[in-house]
Amino acid sequence: MKADVLERRIRVSTIGENASLGAALLAGMGCGLYRDADEAYAAVSAAEVEFTPNPASSAVYREIYERVYRGLYRQMVGINQDLESLQRRLAEQ
């Protein structure tokens, strides 16, 4: 879906716990195991999966964005300005 929405090829690591891996690599840098982020990254070997956009799906996502979300944004501008004004009034109390 991300590849279709962004209309770009996307490569994703096969490691399921990337946040935990990142924390571990940062800890390794912090305790001196790795000199820098490049060295820490080099210590990780993981396969990647590549996703390519489906042109038909990309076209539908583009249409959804243009027809729904752009219109929704235009409709919400005034409402968001009103909310901001009301929040400022609350903050002043």
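Q: What makes the nonpolar surface patch here, and how much area does it have?
A: Val 60, Ile 64, Tyr 65, Val 68, Tyr 69, Leu 72, Met 76, Ile 79, Leu 83 and Leu 86 make it, at about 880 Å². To join a patch, residues need over 30% relative accessible area and no salt bridge, with nonpolar side chains (Val, Leu, Ile, Met, Phe, Trp, Tyr) joined within 5 Å and like charges within 9 Å. By the way, this is a predicted model, where local features need pLDDT of at least 70, side-chain atom pairs count only at pLDDT 80 or more, and totals for chains, interfaces and linings use all residues. Numbering runs from 1 along each chain as its sequence is written, and side-chain values use heavy atoms, leaving out hydrogens and water.

Q: Why is Ile 79 called partly exposed?
A: Its relative accessible area is 42%. Ile 79 sits in helix H4 (residues 55-92).

Q: What makes up the lining of the largest pocket, by class?
A: Seven nonpolar, four polar and one charged residues. Helix H2 (residues 18-30) gives the largest share, four residues.

Definitions and conventions: Accessible areas come from the Shrake-Rupley method with a 1.4 Å probe; for residues, only the protein chains shown count as cover. A salt bridge is a side-chain nitrogen of Lys or Arg within 4 Å of a carboxyl oxygen of Asp or Glu. Helices (H or I, at least four residues) and strands (E, at least two) are DSSP runs, numbered from the N terminus. Buried means under 20% relative accessible area, exposed over 50%, partly exposed in between (1.4 Å probe, protein chains only). Ala, Val, Leu, Ile, Met, Phe, Trp, Tyr, Cys and Pro count as nonpolar, Asp, Glu, Lys and Arg as charged, and the others, Gly among them, as polar.
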